[in-house]
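Please keep the structure in view while reading.

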Amino acid sequence: MLRIIPRIVVGVLALAAILVSLGAMRANEAGLTITRHFLGPVPVTLYQPAGSERAPAVVVAHGFAGSQQMMQQFATTLAQAGFVAVTFDFPGHGRNTEPMTGGITNDRTAARALLGALDQVVGFARAHPAADGRVALIGHSMAADIVLRYALANPGVAATVAISTMAPGVTPIEPARLLAIVGAWEPAILRDEVARIVALAAPGTVREGVVAAGVEHIGVIYATETLAATRAWLARTFDRNAEGPIDARGGWIGLLFLGLVALCWPLAELLPRAAPDAPATLLGWRRVWPVLVLPALATPLLLRLVPTSFLPLLLGDYLAVHFVVYGGLAMLALAWRRIPVARPEAALRPLLLAALLVAGWQVLAFGLPLDAYVTAFVPVGPRVWLVGAMLLATLPWFAADELFTRAPGAPRWLYAATKAAFLVSLALAVALDLRRLFFLIIIIPVILILFVVYGLISRWVFRATGHPLVAAFGNAVALAWAIAVTFPMVAR
């Protein structure tokens with residue numbers, strides 16, 4: 001009984017955190033009319049304020065590997081202040097099933113495709129019955145460059161907000177009204193760019209720069225300072241009152257996922273036992289280090305010799321091969337060093353049931369809130385089969401890693417060490433081919449966060465089921481799904 005009480009308490013607190021955070025984010029949409037449309041393959045969401053008065057439209061564009069959900073907080077904040085706000089998915093992103101041409105190697109081709117989608121959405125926003133024909137643009141990171149290019153070519157854009165941008169095309173007089181925002185924790189080159197843009201302005205232009213305190217490249221789009229500055233800037237541009245709630249959802253998103261992770265602890269105890277405890281035998285450093293080190297070093301070196309462009313998923317194909325090769329080498333090293341990983345006494349039916357329950361929980365419980373409030377997580381079009389393709393890649397590595405780190409007698413530090421080794425392996429791959437694999441630098445911190453979450457879930461699941469492959473399957477499905485739905489689709 002004493003063991004159950006803490007789990008009940010944590011479960012209740014976790015559920016409370018989940019419900020409170022969902023309620024708070026839902027409240028930001030109160031009073032708004034939200035409609036969804038398709039302009040060909042381009043998914044569009046329109047946020048319309050209460051009342052019948054026509055208002056300026058603001059088109060909000062997401063960054064590289066993002067989706068329109070990632071920019072919702074701008075749309076709800078501006079719609080609550082009386083603007084008509086429009087979000088959308090660029091080609092190759094979110095639920096847009098049209099691949100992005102050019103990828104990251106052909107800037108001109110990619111920009112042409114992105115500008116074409118933006119032009120469609122701007123035309124839709126201008127012509128909507130709720131809009132008064134005036135339009136402003138907001139873009140983050142990749143989209144900051146795109147909205148600036150569009151504004152430079154279309155003087156009818158009333159104002160532009162560029163967040164985390166490099167803007168070589170900006171002139172002393174164009175765009176005439178420009179707000180540049182950067183996070184204080186972003187690279188100095190981006191902060192210097194904001195200062196340059198503002199200092200470049202000629203008399204008669206209106207430019208401002210904002211450095212949002214305490215945030216980095218992603219945090220800047222959730223910062224209250226960013227949202228308030230954007231709303232105030234657009235209110236001055238269109239001579240309107242800047243009132244209404246600010247959708248500062250970053251903290252609520254953090255509380256939501258803290259609750260979801262915490263809830264895994266008591267729920268794991270409900271899983272069926274798949275295998276008895278194995279007798280422990282001490283694994284010394286001499287047996288451990290080849291499995292830990294050799295695959296991490298060999299994988300990026302071997303992949304320098306192997307073509308890895310076969311999936312319509314930007315760098316997803318390289319990541320898939322990296323997982324497969326790394327997992328295969330780790331399995332060979334486990335056999336070579338005779339690491340005791342076999343569980344012949346495991347019961348097949350409880351093992352399969354537990355694995356499916358864990359995978360289902362990780363996809364649905366985490367995926368549905370992600371899809372609603374953070375980024376697109378429901379696969380559409382080709383992304384459906386890409387989930388399966390990525391699972392074939394992630395499963396070997398997670399299986400080898402769980403068998404290794406949950407082996408009888410494995411040291412406690414080994415789980416963290418294998419994740420660090422994998423990240424070092426990815427970093428080495430980037431260093432060997434920086435031009436092609438540069439994007440992996442952006443996702444390495446995200447993978448680190450996922451490894452921490454997966455590690456907690458794995459520990460709780462293993463204690464409950466007694467078999468390492470349960471968590472291996474659940475984590476492999478979750479990561480494969482995340483890669484398949486978030487990495488940009490490109491034309492091969």
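A residue counts as buried when its relative accessible area is under 20%, and as exposed when that area is over 50%. The model discussed here is predicted.

S164 has a relative accessibility of 4%, so it counts as buried. This serine is placed in the loop between β6 and β7. D239 has a relative accessible area of 72% and is therefore exposed. The loop that holds D239 runs between α6 (224-237) and α7 (250-268).

The peptide bond leading from E174 to P175 is cis, and its omega is near -10 degrees.

What does the protein look like as a whole? It has 15 helices and eight strands. Its radius of gyration is 25 Å, close to the 23 Å that the globule rule gives for 492 residues, so the protein is as compact as a globular protein of that length. Along the principal axes, the C-alpha atoms fill a box of roughly 75 × 55 × 40 Å. Of the 492 residues, 53% are buried.

The accessible surface comes to about 20500 Å², and carbon and sulfur atoms account for 68% of it. There are 36 positive and 26 negative side chains, and the centres of these two sets are 10 Å apart.

Methods. Residues are numbered from 1 along each chain as its sequence is written. This is a predicted model: local features need pLDDT of at least 70, side-chain atom pairs count only at pLDDT 80 or more; totals for chains, interfaces and linings use all residues. Side-chain values use heavy atoms; hydrogens and water are left out. Helices (H or I, at least four residues) and strands (E, at least two) are DSSP runs, numbered from the N terminus. Buried means under 20% relative accessible area, exposed over 50%, partly exposed in between (1.4 Å probe, protein chains only). The radius of gyration is taken over C-alpha atoms; the globule rule is 2.2 Å times the number of residues to the power 0.38. Accessible areas come from the Shrake-Rupley method with a 1.4 Å probe; for residues, only the protein chains shown count as cover. Lys and Arg count as positive and Asp and Glu as negative; His and the chain ends are not counted. The place of a charge is taken as NZ of Lys, CZ of Arg, CG of Asp or CD of Glu.
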